[in-house]
Amino acid sequence: MDNTLWIAVAAIVAVVAAVVGLLIGRALALRNNREAEQKLREEAEKQLTEAKAAAEKIIADAQRTAEQTKKDKMLEAKEHFLQLKSKHEAEVAERIKKAQEREAGLKQQQAEISQRSAELSKKEKEIEALRENLNRQLEQVNVKSQQLQKSHEIFVSKLEQISGLSKEDAKKELMESMTKAAEAEALSLTKAIIDEAKTKANKEAKKIIIQTIQRTAAENAIENTVSVFNLDSDEQKGQIIGREGRNIRALEAATGCEFVVDDTPEAIIISGYDPIRREIARLSLQRLVADGRIHPARIEEVVAKTKRQLEEHILEIGERTVIDLGIQGMHQELVRYVGRMRFRSSYGQNLLQHSREVANLCATMAAELGLNPKLAKRAGLLHDIGKVPDEESELSHALLGAKLCEKYGEHPAVVNAVGAHHDEIEMKYVISPIVQACDAISGARPGARREMMEGYLQRIKDLENLAQSFEGVEKAYAIQAGRELRVIVEADKVDDKRSEELSFAISQKIEKEMTYPGQVKVTVIREKRSVSIAR
């Protein structure tokens, strides 16, 4: 800025010098004219004065500009300094924080090491005590062994004196007699075993086959009634149970399944005869655990949302099944029923898997007989569609399935095959006996089905239907393999006294109308809930 000031001053001086030179030139030209000279002199002085004033003004402006620029640069330098200082302080704070975290981690590790060291010292002391105890016992055993050896020697000496034989001679005679007796007994026993094996061979073979079938069927039954929900840690069990068990009660009331929280590590058992309910319970619990917000209102909301999403998933399963089998033009409702078969079982056999198998068998058999394989495959897939209705019906599953197929526009041959596969109506088309035969083939595999499973499921359904026949009952769920019936009543229609009467009435009706093993516990639940929304 000093160079700028000096340049301005030099320019002003040059201008003044030029003016003075001009005036002097004029004065010399007019030196003979005094008046002109006087006038010129006055004018020159005036211009010189103005020039000086202008120069002083320019100098003052330059000084002010230089001063302002200086201030601006100083402010800019200060701001840059403050920014660097703030950045440095932040870096220092971050380093201090990391150092503190490392220090805390080291302290924790040191505490863990100290704890482990104490545990090791404790275990070493216990091992040392055990070693001393074992040494004492070994000493006692050695003493007793020596005493026993002495007693044995005395006893052998007395035997030799009494028998007149040495120890080796007595041992040899005993071994010979025992060998002969053992050979005779072994021959007799072998002959008896062979005779018994011949007489029982067929019986034992049948027994082994039956046991194998029962074992396989039992595994299917377990898969059809129980689901296992895995947890990240056992700490989540308390959150799922809730305060005084309110969360798990809300889950059981909303889903109709039993949640068994026992000593099984990191797992909860979901029990229920209805696979769709059980799947809704499993998916709902999965979402609640992932979300972390578990309380009765949230549970009901998640269960309702899961039911809607499961319906969409069921439709997707049905669409994928008909696409895999190459079936086209099936009504959307029938496709949804096909998807529902994924969550049903027939005598312990998965219904969708069974229906797919029957469909493929029907197509193969129809092709061999020169019939329409696509029509036969369609009838095979739909033959058990009456087992998955939305509502209970008094019709058999074959007749109900035929009614549904007719309702949704299936070919008359398909309708007849579905209705006649259990000989409940007359067979009018050739594919009807094909569907019946393929259904028997699919269900005839050893272990594929179990009659007890179907009876058990029917008994569970009858229990729920019996409870729902009473006035004021909103929902009824059979849990614990049918040993407990939970009845949820409408709080506005049923009071506490009526709840007790209803529980007794249901139990009496179960005793009169149903046959069941053991006992059935009837629990009536009456809950009054008030909900308000603040906006």
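**Close-up views of a predicted model**

**View 1. The second largest pocket and its lining.** Helix H5 gives the largest share of the lining of the second largest pocket, namely 7 residues. The structure shown here, as in the views that follow, is a predicted model. The second largest pocket holds about 700 Å³ of space. Its lining is made up of 26 residues, and those closest to the centre of the pocket are Ala 253, Glu 300, Ile 488, Glu 527 and Arg 529. Two or more lining residues come from each of H5, helix H7 (296–325), E6 and E7. Sorted by class, the residues of this lining comprise 15 that are nonpolar and 11 that are charged, while no polar residue is found among them.

**View 2. The paired strands E6 and E7.** Strand E6, which covers residues 473–479, is mostly covered, since 5 of its 7 residues are buried. Its partner in this view is strand E7 (residues 484–489), to which E6 is joined by 6 bridges, with the two strands running antiparallel. Within this pairing, Ala 476 has Val 487 of E7 as its bridge partner.

**View 3. Arg 498 in helix H15.** Arg 498 is found in helix H15, which spans residues 496–513. In sequence, Arg 498 and Val 524 are 26 residues apart, and their C-alpha atoms are 10.0 Å apart in space.

**View 4. Glu 244, a loop residue with a positive phi.** Most residues other than glycine have a negative phi. Glu 244 is not a glycine, and yet it has a positive phi of about 55°. This residue has its place in the loop between helix H4 (235–241) and helix H5 (246–255). Glu 244 counts as exposed because its relative accessibility is 72%, and exposed residues are those over 50%.

**View 5. Asp 423, in the loop between H12 and H13.** Asp 423 lies in the loop that runs between helix H12 (412–420) and helix H13 (431–443). Although Asp 423 is not a glycine, its phi is positive, at about 60°. With a relative accessible area of 54%, Asp 423 is exposed.

Key: Residues numbered from 1 in each chain as written. Predicted model: local features only at pLDDT ≥ 70, side-chain atom pairs only at ≥ 80, totals over all residues. Heavy atoms only, no water. Buried < 20%, exposed > 50% of the residue type's maximum accessible area, 1.4 Å probe, protein only. Helix = DSSP H or I, 4+ residues; strand = E, 2+ residues; numbered from the N terminus. Pairing = 2+ DSSP bridges. 1 Å grid on protein atoms, 1.4 Å probe; cavity = no way out; pocket = protein on both sides within 12 Å on 5 of 7 lines; lining within 4 Å. Points joined across faces, edges and corners; volume = space filled by probe spheres on them. Nonpolar A, V, L, I, M, F, W, Y, C, P; charged D, E, K, R; others polar.
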